[in-house]
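Trainee: I am new to this structure and would like to go through it slowly, one question at a time. Could we begin where the two chains meet?

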Amino acid sequence: MKVVVNDIELDLAPGTSAIDAVFAAGDDVPYFCSQEYMSPIGACRMCLARVGSPRKDRDGNWILDEETGEPKIFWFPNLMATCTTQVTEGMVIDTRSEAVKNAQNSMVEFTLINHPLDCPVCDKGGACELQDRAYEYGDGLSRFEFDKRRSEKHHELSELITLDRERCIHCKRCVRFFEEVPGDEVLDFIERGSHTYIGTVDAGLPSNFSGNITDICPVGALLDASSRFRGRNWEYDHTRTTSMDDATGSAVIVDARTGRIERVKAALNPDVNKTWIDDGTRFGHEYVDSPDRLTRPMVRRNGELQPVTWPEAAAYVAERLKGLSGKDVGIVLRADSTLEEGVAALALAEKLGTGQVDHAPRPAGSLLPSRPATLTDLATADAIFVVGDVTEEAGILDLRIKDALKGVTPPELLPHGVPIADLRLKERMPRRAEILTVAAPYRVDLMRHAGASHLYPAGGEAELFRALTALAGGGQLTDEQRAALGADEAAARQLVDRLRSASDGVLVVGGFALARREAAEAARAFARAVGVKELLVGPMANSHGLELLGVLPSHERYAFPGMLQEAKALIVSHLDPAKDPDVAASLKERELLVVHDMFLTETARLADVVLPARSVYEKDGTVVNLEGRFLPVRAAPVEAGQAEDFTGVVRYLGEALGERLEGRSVRSARRVLKRRLELDLAELPDNGVIPRLKARPAPKVTTREAPAAGGNVLIAPSMARVEYLHRNPHLNAAVGGPKLSVNPADAEGLGVMDGAEVRLRVGGVWRDAVVRVTEAVPAGLMTLPALPEQGVGLVQADLGSLVVDQVRLEVAS
Amino acid sequence: MSVLDIAKGMGVTLGHLFKRPYTVSYPEQRVDIEPRFRGRHHLLRHPDTGLEKCIGCSLCAAACPAYAIYVEAAENDPDDPVSAGERYAKIYEINMLRCIFCGFCEEACPTGAVVLGHEFELADFRYQDFVYGKEDMLVGTTGSKWQRREAAAKGKEVRIGVEPAPRPELEGVDY
Ligand code: SF4
Ligand code: SF4
Ligand code: SF4
Ligand code: FES
C-alpha cells in the first residue's frame, strides 16, 4: 500500500497505523498514550498530523486533480490522531506543516497545565517521555499563572509501586495494561475531567505483573518503590541481560549504581517476553546487596571458619582431596548455573574421575521435549492444555497464553521495531477462553481465564494423562480413571477432541507433572496421542541447558540428594541441603565439604571450606530457556568482593591440582561449547537463538526415582524465590511472606488462623511460613512454595511439629 | 629626554612611596575578596524553616565537569523532614581535589542549595580529607576541615583568612 509521509514514499502493509507509517519513514511524531503491544486509543491527542487521501468516484476511478492530473488529495477537515488512523492507498501524511507544529505545541502546553514539573525530585527525570516531548515539541514557556491542581504525591498503590497523582497525564496506559495484558482489571480512572485520578478498589495490586506499569507510564506517576530516590537515570549503568529468575529467560535491563543493583526493568525480546516481566523478576534482586554476603573464601581451622585467599583455599581443598580417590567426590550445581559453569563442573569431575556430578533442583522427567513448542507457538496456538501453575512457575507463559486467547498474532516488526499502534488490538477484546484448559491440584490463577478447568487429586498427574490418553484412544474409562480427570468426562472428551483437531495445539507441562518420571512419560505419550507440541517448564533458569549439556550423574545413586550420602567429599554450589537436620547430621560425617554460596547458609556453617559466589546478576554466560533458546547473560557492575562463579572455582582448584582445566573461565568454557554444539556463544545476539543442534545421542538421564506419591503438603512453584524472600523486603511485603495455603476446614482442625506465622517440618526440612486460609486449595491438602532443595511435588509434613509463632489478627475493615 | 620627564617619572615613584601599601600580611590579616569569588561550597538552609534547601536531585553532579560531586538521595520522614518535600540528600560529597571551582554546580541547582563561598584555604594532608560531606558544608560550618581540626585541637574559634564581601546568594552564611 503506497503511502506518502512528508514527501517520502513508502510501501506498507494494509492495516498499518499512520503513526507507524511516520516512524517507518524515519520521521517522528510525539505520542504518550500509544504503547507497543497494547491497543491504540487516541487518548492523549499528542500524535496529531495532517492526513489526506485520494477518493474514488462512483465508477471506481480516482478523482483527479484538474491541474496536475494526479489523484486529488482530500484532506481531513481536522488534524488526525495518527495512532488511531489506518493507512489507506495513496494516503498523504504531513507532520511538518505550521498547523501541525502549532497543534503539537498546544498539546504539550495542555498536557503540562496540571503537571507539577518537579523533575528534579522525580525518579523518571532524564528518561521521561513527557520531559523529552516537552523539550522537543513544546514552546519552552508557560502562560499559565494560576495554581495547579493539587493531589496526593505519595500514594502507595502496593508495596512495590508508588503513585504520584499530580504527575499523571491520564494516558491510560496503566489501566489498559492490566485489562489487556494479564487480563485482570485492577486499575481504573476515578472521577472526571481534571479531577480524574488512577485508583483501585483492591488492597494492593493483585497481579503478578504489576511492576510493568512503572516501565510504561510515560511520566513519573507510577514508580518502582524499591528503587525510590536511589539514583537518577543517567547515573545508572544499564546492563541488557537475561533474567535468571525462571525458565523463560526474559530480557531485562539491570540498573546498577556504585556497585549496587538498584532496579531491574523489562527489556524487549519480541520472541520471549515482549516487553513484560513478572514481579518476581523485577523486584527479586534486593538480596544481592544484603550486608551479610560472603566476600572472602574461608577455611575451617581449629573449628572456626577463617578468611583466607583463593589460592590458599584451593590449595587446602587440593591437599584434602589427595587422600581420597577422585571418584569419591560429589559436585552439585544449582540449576540456574550458566552453561559455562556446567562445562567447568564437568571438567573438574573429569579431572577427578568422578561420575558424581549433578544439578538441582532437577525434575525426575526429562526436560527435552520430542516436539518442542516455542513461546511464539504458544502465543499463536488454537488449543492449549496447561497442567500446573504456570503463573507462578514462569509468569511469561501466563502472558503468552493470554496473547493466544486474544487470537491476535504477534505483530510483524517494522523498520523502527515493534509497531507503536497495532490497530488489531482493542480494549476489552473478546477472549477465546474456550481454547484454554487448565489442570492443577488446586485452584490456580490461570483457571479464571480458562474455558475449562480440571482439579485433579494432588500427585495424580500420571493418572490424569493416562486417562486422557485412554480417551484419545477412544476407550471407555474406568471409575478410577474418571476420578483422575478432576472434571467431568464430557469436558475431558471435549479437551481431547479440541487438542486433536487443533492445527497448532500446545501442551504446557509444569513442575507437578515433571516431578515424577511416570507422569512426565504419560504427558509425553498424551502429547503424541493427540499430536500437539510440548512446552516443558523446568524448575529454574537453566534447567534445560544443564540437562542438554549433560551435567548429570553417571548412576542413579549419585544423583542429588543421594550423592550427599554416597560421596566422601562434596563440592556444593548455591544449595543448602542442611536445611534438613537429618541431612545436616550426615553432612558432618563427610570428610570434606566445600560450599560455594553467597551467604553463610546452614550448609556453609558445616563446611570445611566456604567459597564466596557471584549472584546471577554478576556472571557472564549463557542460559537455555524452556524453548531451547540460547540466551546471553551479562554481568552487571556489582560490588561482590572476591566472589567468583563456578568457572572461577574450577580455575583455582585446577591450578592447585596442577592443571589448567577447560572451563577455567567463561572464554575457555565457550571454546568447549563451540566444539560440542558448533555454536559460538560469544556472538550470541541479545534476543538469543534456537539453534538446530546436530543430532546427537539423547543424553542418558539418570534420575533419582521420584518419592512414592502421597503426602499432605504439595510443594508448589512460586513467583517469588523463597530462599531469598526475607532478603527481598519489598517483594516479601508484597507477597506476604512464604505462604502455607490451607483450606478453611483444615485451618480449623490445625488451630491456625489466616496470617499466623508458623514453623513446621515438611519432608524433613524445617519451613517457616505464613498461613493463608483459602478455598483455592482442597481440603486435606496444603501448599507451600518450593525451595531449590525442596522441589515441586507432594511431600509428607509432620503436622505434630507445627509451631504457631505469632498470631496476627487480620482486622476486617 | 628632558629633566622635566625625569622629574615626572620620579614623581610617580614618589607618589607611590607615600600611598598605603597594598600588601596584606596574610595570614595574620584577613584578605579582601570580591563578591563573586568562587571558593569552598556551602549547602544552604531555608532561613525560615531551617530545612535544607538541597533536595538530592544530583543535577549539580550531572553538571560538574570534574565529576567531583556524589549525591545519594533518600526519602524524608514526613514527621521529621530534612528538606522541604519528599526527597533529601542522604549523602552529599564534593571532592575538593577534583573541583575546579567553576561554579557550574551552583548554576545547575534548582533550589539554590549549593553556593560557592569565599573560603579558599583548603590545603590538607590526606586525600580522604579533601572529600567534604554535608557536615563540612552545611551553613553554620566555618572553615576547611583542617582549619576546624586545628581550632578544635587548640580549643579556639576557627579563623578564616578572608574578609568576605556580602553576596545575596550566600543566604544565611555568616563568616
Ligand atoms: S499513571 Fe502513568 S500510565 Fe497511568 S494514566 Fe497516568 S500517566 Fe498514564
Ligand atoms: S565548582 Fe565546578 S568543578 Fe567544582 S564541584 Fe561545582 S561543578 Fe564541579
Ligand atoms: S545541591 Fe542542588 S543540584 Fe545538587 S543535589 Fe542538591 S538540590 Fe540538587
Ligand atoms: S492520541 Fe495518544 S498516541 Fe495518538
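Trainee: How many residue pairs are in polar contact across the interface of chain A and chain B?

Mentor: Please keep in mind that this is a predicted model, in which side-chain atom pairs count only at pLDDT 80 or more. By class, the side of chain A that touches chain B has 4 nonpolar, 2 polar and 8 charged residues. With both residues of each pair at pLDDT 80 or more, the number of residue pairs in polar contact across this interface is 9.

Trainee: Which residue of chain B meets Arg230(A) in a salt bridge?

Mentor: Between chain A and chain B the count is 4 salt bridges, while the count over all chains comes to 76. In the pair you ask about, the side chains come to 3.3 Å, N to O, and the partner of Arg230(A) is Glu72(B).

Trainee: What is the area buried between chain A and chain B?

Mentor: The contact itself involves 14 residues of chain A and 15 residues of chain B. The size of an interface is often given as the accessible area lost when the parts come together. Carbon and sulfur atoms give 50% of that area here, and the total buried between chain A and chain B is about 1,300 Å².

Trainee: Is chain B a compact globule or more spread out?

Mentor: Chain B has 5 helices and 7 strands, and from the N terminus on these elements run α-β-β-α-β-β-α-β-β-α-α-β. For 175 residues the globule rule gives 16 Å, whereas the radius of gyration of chain B is 21 Å, which is well over that value, so chain B is more spread out than a compact globule. Along its principal axes, the C-alpha trace of chain B spans about 80 × 35 × 35 Å. The answer, then, is that chain B is more spread out.

Trainee: How many charged residues are in the shell around ligand 1?

Mentor: Ligand 1 is surrounded by 13 residues, and the closest are Cys168(A), Cys171(A), Lys172(A), Cys174(A) and Cys217(A). When the shell is divided by class, there are 10 nonpolar residues and 1 polar residue, and the number of charged residues is 2.

Trainee: How many polar residues are in the shell around ligand 3?

Mentor: Around ligand 3 there are 13 residues, with Cys54(B), Cys57(B), Ser58(B), Cys60(B) and Cys109(B) the closest. That shell holds 10 nonpolar residues and no charged ones, and its number of polar residues is 3.

Trainee: Which residues come nearest to ligand 2?

Mentor: The shell around ligand 2 divides into 11 nonpolar, 2 polar and no charged residues. Of the 13 residues around ligand 2, those that come nearest are Cys64(B), Cys99(B), Cys102(B), Gly103(B) and Cys105(B).

Trainee: Which residue does a cis peptide bond join to Tyr26(B)?

Mentor: The place to look is the loop between α1 (3-18) and β1 (31-32) of chain B, where Pro27(B) is found. Omega is about 5 degrees for the bond, and the residue joined to Tyr26(B) by this cis peptide bond is Pro27(B).

Trainee: How far apart along helix α14 of chain A are Arg500(A) and Asp497(A)?

Mentor: Arg500(A) forms a salt bridge with Asp497(A), and the closest N and O atoms are 3.6 Å apart. Because the two are 3 residues apart in helix α14 (residues 489-501) of chain A, Arg500(A) and Asp497(A) are separated by about one helical turn.

Definitions and conventions. Residues numbered from 1 in each chain as written. Chains lettered and ligands numbered in written order. Predicted model: local features only at pLDDT ≥ 70, side-chain atom pairs only at ≥ 80, totals over all residues. Heavy atoms only, no water. Near = heavy atom within 4 Å. Nonpolar A, V, L, I, M, F, W, Y, C, P; charged D, E, K, R; others polar. Contact = heavy atoms within 4.5 Å. Buried area = accessible area lost by both parts, 1.4 Å probe. Polar contact = N/O pair within 3.5 Å; in protein donor to acceptor, adjacent residues only side chain to side chain. Helix = DSSP H or I, 4+ residues; strand = E, 2+ residues; numbered from the N terminus. Rg over C-alpha atoms; globule rule 2.2 N^0.38 Å.
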